[in-house]
Amino acid sequence: MIFEGFIETFKRLVRDRYGLAGITILSIMIIIGVLAPYLPLPDFNATIFNRFIPPSPDHPLGTDYLGRDLLSRVIWGARISLLAGFVAAGIASVIGIILGTIAGYYGGAVDIIISRIIEIFFVIPTFFIALTLAAIYGSNIYLLMIIIGVTTWPVTARIMRAQVMIVKEFLYIEAAKAVGANDLRIIIRHILPVAIQPAIANSILLVGNAIMIEAGLSYLGLGDPNYPSWGRLIYEGQPYISTAWWISVFPGIFLVATVLGLNFLGDALYRILTPRISNIRT
């Protein structure tokens, strides 16, 4: 049943022009990131070439201010940026789904407390919180993933809360309660499979948001200097933008294309998955 639903969703995504564009772009970037260690490229930190070589047949994207091959760094940047985006979005999604489900299902005082916490996070800009924590605790890439994850969950929580509040009123939920099913079983077996669909679509958007936050932190000098994320590459090329534009421009193109693809895919998924909930009433 789940596999059939996945296949049907994929078919509808492929038929949607924005969904197809998102799948294509994201697939290309993921393939590049996965194959990065196996491609015949120089080490991304090796300073073995002349500095500021413009794009040429030997160096398709040129070299940077230390003589490092930019193609190698951009391809490894795909691996680092996508990893940061998916891990951070995964953390945010898990937190948001759990808290949103608890708030929506139990209501009352529990809902009020969680809702107030969500509102606090909405009042304080996410990027400002992440910036502050990164400045305090350092620039380790794995720490940045955690920081981004624990500051970007409120949107998912709000979506899950609203969806669970709708689904828990369905007749089959009342029937499950009537036969003595406990809350955990009802939530896992009957509510989450239906209510989680919009949250899945939002999780894709969260990946793009997480990549942009990491890029923003890196651009401000708070990225991990040991790993060439796209944001870090843009930051490193910024002082030379007038004389060696390629150092910042090419990572920026990859960054924009990836986030655009994720937004296309997330929007298409949201359009496809959201209407289903209104058709489940019995």
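Biologist: Helices are DSSP runs of H or I with at least four residues, and strands are runs of E with at least two, both numbered from the N terminus. How many helices and strands does the protein chain have?

Modeller: Eleven helices and zero strands. This is a predicted model, where local features need pLDDT of at least 70, side-chain atom pairs count only at pLDDT 80 or more, and totals for chains, interfaces and linings use all residues. Residues are numbered from 1 along each chain as its sequence is written, and side-chain values use heavy atoms, with hydrogens and water left out.

Biologist: What box do the C-alpha atoms of the protein chain fill?

Modeller: Roughly 75 × 45 × 30 Å, taken along the principal axes.

Biologist: And what share of the residues is buried?

Modeller: Of the 282 residues in the protein chain, 46% are buried, meaning under 20% relative accessible area, with exposed over 50% and partly exposed in between (1.4 Å probe, protein chains only).

Biologist: Next, H3. What span does H3 reach?

Modeller: H3 covers residues 70-106, 37 residues in total, and reaches 53 Å from its first C-alpha to its last. That is close to the 54 Å expected at 1.5 Å a residue, where the expected span is 1.5 Å times one less than the number of residues.

Biologist: What is found at the start of H3, and what comes just after H3?

Modeller: At the start, a side-chain oxygen of aspartate 69 comes to within 3.4 Å of the backbone nitrogen of leucine 71. Just after H3, glycine 107 has a positive phi of about 60°.

Biologist: Which residue has a positive phi although it is not a glycine?

Modeller: Phenylalanine 52, at about 55°. Phenylalanine 52 sits in the loop between helix H2 (17-35) and H3, and its relative accessibility of 26% makes it partly exposed.

Biologist: Where is arginine 68? Buried or exposed?

Modeller: Arginine 68 is in the loop between H2 and H3. With a relative accessible area of 7%, arginine 68 is buried.

Biologist: Which side chains have a polar contact with arginine 68?

Modeller: The side chain of aspartate 64 does, at 2.7 Å, and so does that of glutamate 236, at 3.4 Å. A polar contact is a pair of N or O atoms within 3.5 Å; within protein, one must be able to donate a hydrogen and the other to accept it, and residues adjacent in sequence count only if both atoms are side-chain atoms.

Biologist: What else does arginine 68 touch?

Modeller: Leaving out residues up to four places away in sequence, arginine 68 touches residues including Phe44, Asn45, Thr47, Gly62 and Arg73, with contact meaning heavy atoms within 4.5 Å.
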